[in-house]
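Me: I would like to learn how to read a protein model feature by feature. Could you take me through one?

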Amino acid sequence: LQKHEFFVDMTCEGCSNAVTRVLHRLGGVQFDIDLPNKKVYIDSEHNVDTLLETLKKTGKSASYLGEKSAQ
């Protein structure tokens, strides 16, 4: 799976919960949310456009930062 890194303008637990909700609804994703740094790391076979559109459903500004190398 590709591991992608996104910026999402999250300011609180509610924001990260919104991200969790939309990603669970999309399905087929594993993700980590780094709230202090406003980053979301997603492992998925979905393409970047699909993931970005999904993140934008939270109403937060979101942008793609690039692929993340596997740790």
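The turns below go through the sheet, the helices and an aromatic pair of this predicted model.

Me: Let us begin with the sheet. What is the order of its strands?

Reply: Strands of a sheet pair through backbone hydrogen bonds, either parallel or antiparallel. Here an open sheet of 4 strands has the order β2-β3-β1-β4, and the pairing is antiparallel. β2 and β4 are the edge strands with a single partner each, so one side of each has no neighbour in the sheet. From one strand to the next the twist averages 25 degrees.

Me: How many bridges join β1 to β3, and which residue of β3 is the bridge partner of Phe6?

Reply: β1 and β3 run antiparallel and are joined by 6 bridges. The partner of Phe6 in β3 is Val40.

Me: And how do β2 and β3 pair?

Reply: They also pair in the antiparallel sense, over 6 bridges. Phe31 stands opposite Ile42 in β3. The two strands form a hairpin with 4 residues between them, and Lys38 in the turn has a positive phi of about 55 degrees.

Me: Where do the helices lie relative to the sheet?

Reply: α1 lies across β1, β2 and β3 and runs at about 170 degrees to β2. α2 packs on the sheet as well, where it touches β1, β2, β3 and β4, and its direction makes about 35 degrees with that of β1.

Me: Take a residue of α1. Is Ser16 buried or exposed?

Reply: Ser16, which lies in helix α1, has a relative accessibility of 7% and therefore counts as buried, the limit being under 20%. Leaving aside residues up to four places away in sequence, Ser16 touches Met10, Ile33 and Leu35.

Me: Now α2. Which of its residues are buried?

Reply: An α-helix has 3.6 residues a turn, so residues three or four places apart point the same way. In α2 the buried residues are Leu51, Leu52, Thr54 and Leu55. They cover an arc of only 160 degrees around the axis, so they are on the same side of α2.

Me: What covers those buried residues?

Reply: The cover includes β1 (2–8), α1 (13–26), β2 (29–34), β3 (39–44) and β4 (62–67).

Me: Last, the aromatic rings. How many aromatic pairs does the structure hold?

Reply: A pair of aromatic rings is described by the distance of the centres and the angle of the planes. This structure holds 1 aromatic pair. The ring centres of Phe6 and Tyr64 are 5.1 Å apart and the planes are at 50 degrees, so the pair is tilted. Because Phe6 lies in strand β1 and Tyr64 in strand β4, the pair ties together parts that are 58 residues apart in sequence.

Me: How accessible are Phe6 and Tyr64?

Reply: Phe6 counts as buried, at 0% relative accessibility, whereas Tyr64 is partly exposed, with a relative accessible area of 30%.

Definitions and conventions. Residues numbered from 1 in each chain as written. Predicted model: local features only at pLDDT ≥ 70, side-chain atom pairs only at ≥ 80, totals over all residues. Heavy atoms only, no water. Buried < 20%, exposed > 50% of the residue type's maximum accessible area, 1.4 Å probe, protein only. Arc of directions from axis to C-beta. Contact = heavy atoms within 4.5 Å. Pairing = 2+ DSSP bridges. Axes fitted to C-alpha atoms, helices over the stretch in contact; angles between N-to-C directions. Phe/Tyr/Trp six-rings, centres within 6.5 Å; stacked < 30°, edge-to-face > 60°.
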